[in-house]
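Colleague: I would like a close look at one part of this model, with the criteria spelled out.

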Amino acid sequence: MVTTTKVSIFITGATGYIGGSILQRLLWHPNFEITALVRNADKAKQLETQFSVKSVVGSLQDLDKLASAAESSHLVIHMASSDDVEAINAILRGLKARHDKTGDLPLLIHTSGLGVIADEARGAYASDKVYSDLDLATIEALPPTALHRPVDLLVVAADEAGYARTHIVLPSAVLGSASGPLYDAGISNPHTIVMPVFVRVALARGAVGVMGTAASVWGGVHVDDAADFYTNLLDTLLSTPEKVSHGRAGYFFLENGEFIMRELMSAIADPLFDAGRVPTRELVPFTQEELPKVFGAEVVCVAVFSNARSKAERARKELGWAPKYVPKDLLDSVKHEVEILLKKEDAKK
């Protein structure tokens, strides 16, 4: 970190999987004044007493709190939702008020996702289509109705309006167990959202479920590499912002290689079978009746088993981002995560 003056930062999603890893890195800097949006009052108190992080107790539905916290901050890191239009509008309203009142040009790092480029493969095939974040014409041609796209377009519009400098981060499948003081304290979630779901569903149905043959392809990135990107981006924005693309050009994919979804699902199935928790290591397709129940909506399952292939060329070109973990590392990490999740499931009994 390079800044020597106090910088006010507001972060949403700090108790989440990626957000916790980012917040931990921000804690190392003595010149950051950090405010986090936290739903749980006990966790908010922990953040304040143990980590000197100011907390706003509330949710994304507390629009006035979002706007106020954004207005009070030079930099906002929005991790909590890729699809909440009202929440992003509240944040943007706060940033505009800050700009209008003080002349400051606030910074917004918004987390979207590769669902925006997902197809309808439903696990049936691997697509040849690979998106580059340097190919802006293709990104701009994405339909406004695509997953995450309505919020992304609002973020870009704020930059074009001139009251904020905005950057959109689109991680691929983020894997690996997150670790560190925020996780040890029980404040942040150490697991990706999808992994516990697939484990619980497999335990209930006796086999790991897939769509089709799980032949579709996703990129992957380790949670630590993703967090390193965010802090690298933040560093550069505070020191030499002219080096970083923003607005319509400010899209950053995150990936370090790819895997076939079948490989990921087998990496879940093998430790479950080896532990005697499911009777087969075979992947058993979900029935049509099961699909809406897996993630609460069929569209989420369709997104998971889509093709979402990307190249993180802008992060490497503009920031020198050099992720360490390759797909084999990510798949190898799944066994350890499944073992932890099994212990947590057993503890509920």
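In which sense do strand E7 and E11 pair, and over how many bridges? Please go on from there to what surrounds them.

Modeller: Some conventions come first. The model is predicted, so local features need pLDDT of at least 70 and side-chain atom pairs count only at pLDDT 80 or more, while totals for chains, interfaces and linings use all residues. Residues are numbered from 1 along each chain as its sequence is written, and side-chain values use heavy atoms, with hydrogens and water left out.

Strand E7 (residues 165-171) pairs with E11 in the parallel sense, over four bridges. Pairing requires that DSSP finds at least two bridges between two strands; strands (E, at least two residues) and helices (H or I, at least four) are DSSP runs numbered from the N terminus. Opposite tyrosine 251 of E11 stands isoleucine 168.

E11 itself covers residues 251-254 and is covered on both faces. Tyr251 and Phe253 lie on one side, Phe252 and Leu254 on the other, and all are buried, that is, under 20% relative accessible area with a 1.4 Å probe and protein chains only (exposed is over 50%, partly exposed in between). In a regular strand the side chains alternate between the two faces of the sheet.

The pair belongs to an open sheet of seven strands with parallel pairing, in the order E3-E2-E1-E4-E5-E7-E11. E11 and strand E3 (54-57) stand at the edges with a single partner strand each, so one side of each has no neighbour in the sheet. From one strand to the next the twist averages 20 degrees. Elsewhere in this order, strand E1 (residues 7-12) and strand E2 (residues 32-38) run parallel and are joined by five bridges, with valine 7 opposite phenylalanine 32 in E2.

H6 packs on this sheet, where it touches strand E5 (107-111), E7 and E11; contact means heavy atoms within 4.5 Å. The direction of H6 makes about 155 degrees with that of E7. Axes here are lines fitted to C-alpha atoms, for helices over the stretch in contact, and angles run from 0 to 180 degrees between N-to-C directions.

H6 (residues 149-161) also packs against helix H4 (residues 85-102), at an angle of about 15 degrees and with the axes 9 Å apart. The two helices are therefore roughly parallel to each other; that class takes angles under 35 degrees, with over 145 roughly antiparallel, 65 to 115 roughly perpendicular and the rest oblique. On the H4 side the contact involves Val85, Ile88, Asn89 and Leu92, which meet Pro150, Val151, Leu154, Val155 and Ala158 in H6. Eight residues of this contact are nonpolar, one is polar and none is charged. Nonpolar covers Ala, Val, Leu, Ile, Met, Phe, Trp, Tyr, Cys and Pro; charged covers Asp, Glu, Lys and Arg; the others, Gly among them, count as polar.

A separate item is the open sheet of three strands in the order E8-E10-E12, where the pairing is mixed. Strand E8 (173-175) and strand E12 (258-260) are its edge strands, each pairing on one side only. Strand E10 (residues 217-222) pairs with E12 in the antiparallel sense over three bridges, and glycine 219 stands opposite glutamate 258 in E12.
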